Amino acid sequence: DSSLKKLKTISQLESYHPAKKIIDKRKIPSRFHYKLYFAPKFFEWVNKIVPNKFPSNIKDHPRLVIPFLDKRNKMFAFQGRAFGKEEPKYFTISLNEDRKIYGLDKVNWFKKVYVVEGPIDSLFLDNCVATANSDLRIEEKKQDIILVPDNQPRNLEIVKRIQTFIDQDYSVCLWPGHIKEKDINDMVLSGTKDIKQIINENTFRGLEAKAHFKTWRKING
């Protein structure tokens with residue numbers, strides 16, 4: 001994509017570059033560093049793609065750019081993630097009105113697909129896509145899809161979402177109580193092993209999901 005060619009990928013940055021250090025610190029697999037970009041002036045770069053998206057007098061700063069690509073490697077959306085304490089932490093910008101799903105360029109719909117919220121989290125699971133929000137429902141065949149919500153059992157919005165997923169007959173991961181981290185990247189950083197196995201062993205559907213959800217809410221709520 002021509003707009004991305006104006007940026008350096010994380011894999012092109014020197015090892016001592018601050019952005020590269022942050023990505024390494026998050027333990028994001030190096031095989032994906034070429035899919036992540038560094039924008040030294042994020043707002044300026046966005047305004048070249050989407051004119052007047054941000055005011056010209058806004059205080060600019062660097063951000064990680066995570067492009068959402070289709071099967072032809074064409075960018076249809078992107079996310080800008082803050083490196084520091086800038087708010088909001090994420091900007092997710094769509095270049096068309098279609099759904100925003102990260103990972104369409106690499107997913108194989110003929111195999112089991114995992115659906116998470118965060119694009120970065122998706123890089124730690126094979127055949128995984130991300131919706132960039134807490135609504136993980138996607139239109140593809142439900143029987144081969146596992147929805148993996150963030151681990152926030154005290155977040156009422158997340159709990160309501162999970163209830164909806166179960167009611168609509170999706171397979172859903174209900175994280176076990178010994179997992180305390182909020183998302184997959186944090187689990188990796190804490191040293192949690194076999195995350196995919198934990199997901200598979202704690203995924204439920206239908207009546208089984210409803211029964212487990214009741215218990216899960218009582219223990220974690």
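This is a predicted model: local features need pLDDT of at least 70, side-chain atom pairs count only at pLDDT 80 or more; totals for chains, interfaces and linings use all residues.
Helix H2 spans residues 42-49, and its buried residues are Phe 42, Phe 43, Trp 45 and Val 46. These four lie on the same side of H2, because they cover an arc of only 160 degrees around the axis. An α-helix has 3.6 residues a turn, so residues three or four places apart point the same way. The cover over the buried residues of H2 includes the strands in the table below.

| Strand | Residues |
|---|---|
| E2 | 37-39 |
| E3 | 63-69 |
| E4 | 75-82 |
| E5 | 90-94 |

Strand E3 contains Ile 66. Is Ile 66 buried or exposed? Ile 66 has a relative accessible area of 1% and therefore counts as buried, since the cut-off for buried is under 20%. Setting aside neighbours within four places in sequence, Ile 66 is in contact with Leu 36, Phe 78, Gln 79, Tyr 102, Pro 119 and Ile 120. Of these contacts, Gln 79 is 13 residues from Ile 66 in sequence, and the two are 5.0 Å apart in space, C-alpha to C-alpha.

The largest nonpolar core has 55 residues, and those touching the most other members are Val 148, Trp 175, Ile 184 and Ile 199. Helix H4, residues 156-167, gives the most to this core, with 5 residues. A second, separate core has 15 residues, among them Leu 4, Phe 54, Leu 69 and Phe 78.

Val 148 touches Trp 175, Ile 184 and Ile 199, among others, when residues up to four places away in sequence are not counted. Its other contacts include Tyr 114, Glu 117 and Cys 173.

How values were computed:
Residues are numbered from 1 along each chain as its sequence is written. Side-chain values use heavy atoms; hydrogens and water are left out. Buried means under 20% relative accessible area, exposed over 50%, partly exposed in between (1.4 Å probe, protein chains only). Helices (H or I, at least four residues) and strands (E, at least two) are DSSP runs, numbered from the N terminus. The arc is that of the directions from the helix axis to the C-beta atoms. Contact means heavy atoms within 4.5 Å. A nonpolar core is a set of buried Ala, Val, Leu, Ile, Met, Phe, Trp, Tyr and Cys residues joined through side-chain atoms within 4.5 Å.
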